[in-house]
Amino acid sequence: MRKIQILGATALLVLVSGAFIYATSGEQKEKQFKEGTSQYFPAKIDFAGEKAPLQIADVKERFDRELLINANLHSSTILILKRANRAFPVIEPILKQYGVPDDFKYLAVIESSLTNAVSSAGARGVWQFMPDTAKEKGMEVNDGVDERYHLQKSTEAACKYLLKAKEKFGSWTLAAASYNGGMTGVNNKITEQKVTDYYDLLLTDETSRYVFRILALKEIMKNPSLYGFDVSKYELYDNIPTKTIEVDSSITDLATFAKSQGINYKILKIHNPWLRDKKLVNATKKKYLIEIPTEGY
């Protein structure tokens, strides 16, 4: 009788274990089935080492929304993946030099899709600076020269802002949110709502979505195949080698100057988008560095 009981208990244990294994296997299979599609969802995510609390229902849903939107914007996301190969090698060492986390390159992605975008409010360039803010951060902005279009200088300006925001808020996530909502705006919400975590704050719709958009692009760009994007290295946009010409005087005709450098006006403007006029007026003898491509044309 005891032998029968033992055998019965063993059979039951095997049955329960089998059911558990089957269930776990089913969950794994479902997760694997989602890999390579826009419906894939990661187990965890962080921004600049600061964990996003996906166990909070609204946080998970807000992140899911941005993942689904960007994973389904196929042409736009593919173009971003291609442009990143050209832009990130410029942005990354500047972030590192200033001690700003590498994840902030994805902030530039959501600001402009890594193009010299122009907003309806007047923000311009990859980092989308408004004129007054750009000048405050040391950039030249006028009819002839607009350094918001200068990737290196605008990245340096962004770093200066972000370091100041981090010092104020003590959080890289809040620093990122303030890039959209402004330091004063975010600080006012913190004071009103008596919380100090981005994920606990009720913000404007745009700022509320802002960090989640960064997280979504980070996740997709770091793991494109998990979301169904297959872009080979041969399809990526390359940085074209250039030489630097130092100029400390006016250039009366940029088209003529371009010809003297073995290129044309269009190519000169592509590589130096901060030159906004047909000439360069330089009464103060300021030193400008002009990039001239050495191959590719």
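Tutor: Buried means under 20% relative accessible area, and exposed means over 50%. Keep that cut-off in mind. The model is predicted.

Student: Is Lys 105 buried or exposed?

Tutor: Lys 105 has a relative accessible area of 7%, so it is buried.

Student: What does the side chain of Lys 105 meet in a salt bridge?

Tutor: Start with the general idea. Side chains of opposite charge can pair when their charged atoms come close. Here, Lys 105 pairs with Glu 92, at 2.6 Å from N to O. Glu 92 counts as partly exposed, at 28% relative accessibility.

Student: How many salt bridges does the structure hold?

Tutor: There are twelve. Take another, between Asp 58 and Arg 62, at 2.8 Å from N to O. These two residues are four apart in helix 2 (residues 57-72), so about one helical turn separates them. Asp 58 is partly exposed, with 36% relative accessibility.

Student: Which residue forms a salt bridge with Glu 147?

Tutor: Lys 286 does, with the closest N and O atoms 3.8 Å apart. Glu 147 sits in the loop between helix 5 and helix 6, and Lys 286 in the loop between helix 11 and strand 4, so the pair ties together parts 139 residues apart in sequence. Glu 147 is buried at 3% relative accessible area, whereas Lys 286 is partly exposed at 29%. Both residues also belong to a network of salt bridges with Glu 140 and Lys 153.

Student: Now backbone angles. What is the phi of Lys 285?

Tutor: First, the background. Most residues other than glycine have a negative phi. Lys 285 has a positive phi of about 65°, although it is not a glycine. Lys 285 is in the loop between helix 11 and strand 4. Its relative accessible area is 56%, so Lys 285 is exposed. Look at Ala 48 too, where phi is positive, near 55°. Ala 48 lies in the loop between strand 1 and strand 2. Gly 182, which follows helix 7, has a positive phi near 80°.

Student: Why is helix 7 said to be largely enclosed?

Tutor: Eight of its ten residues (172-181) are buried, so the rest of the structure largely encloses helix 7. Among the buried ones are Trp 172, Leu 174 and Tyr 179. The cover includes strand 1, strand 2, helix 4, helix 6, helix 8 and helix 9. At the start of helix 7, a side-chain oxygen of Ser 171 comes within 3.2 Å of the backbone nitrogen of Thr 173.

Student: What volume does the largest pocket have?

Tutor: Again, the idea first. Rolling a probe the size of a water molecule over the atoms shows where empty space is left. In this model, the largest pocket has a volume of about 670 Å³. Its lining has 24 residues, with Arg 86, Leu 151, Asn 239, Ile 270 and His 271 nearest the centre. Helix 3 gives the most to that lining, with four residues. By class, the lining has twelve nonpolar, eight polar and four charged residues.

Student: Which residues lie closest to the centre of the second largest pocket?

Tutor: That pocket holds about 390 Å³ of space. Of its 19 lining residues, Glu 111, Gln 128, Ser 178, Tyr 179 and Asn 180 are closest to the centre. Helix 7 is one of the elements that give two or more residues to this lining. By class, it has eight nonpolar, five polar and six charged residues.

Notes: Residues are numbered from 1 along each chain as its sequence is written. This is a predicted model: local features need pLDDT of at least 70, side-chain atom pairs count only at pLDDT 80 or more; totals for chains, interfaces and linings use all residues. Side-chain values use heavy atoms; hydrogens and water are left out. Buried means under 20% relative accessible area, exposed over 50%, partly exposed in between (1.4 Å probe, protein chains only). Contact means heavy atoms within 4.5 Å. A polar contact is a pair of N or O atoms within 3.5 Å; within protein, one must be able to donate a hydrogen and the other to accept it, and residues adjacent in sequence count only if both atoms are side-chain atoms. On a 1 Å grid over the protein atoms alone, a cavity is a set of points where a 1.4 Å probe fits but cannot get out, and a pocket is an open set with protein on both sides within 12 Å along at least five of seven lines; lining residues have an atom within 4 Å of a point. Grid points are joined across faces, edges and corners, and a volume is the space filled by probe spheres set on the points. Ala, Val, Leu, Ile, Met, Phe, Trp, Tyr, Cys and Pro count as nonpolar, Asp, Glu, Lys and Arg as charged, and the others, Gly among them, as polar. A salt bridge is a side-chain nitrogen of Lys or Arg within 4 Å of a carboxyl oxygen of Asp or Glu.
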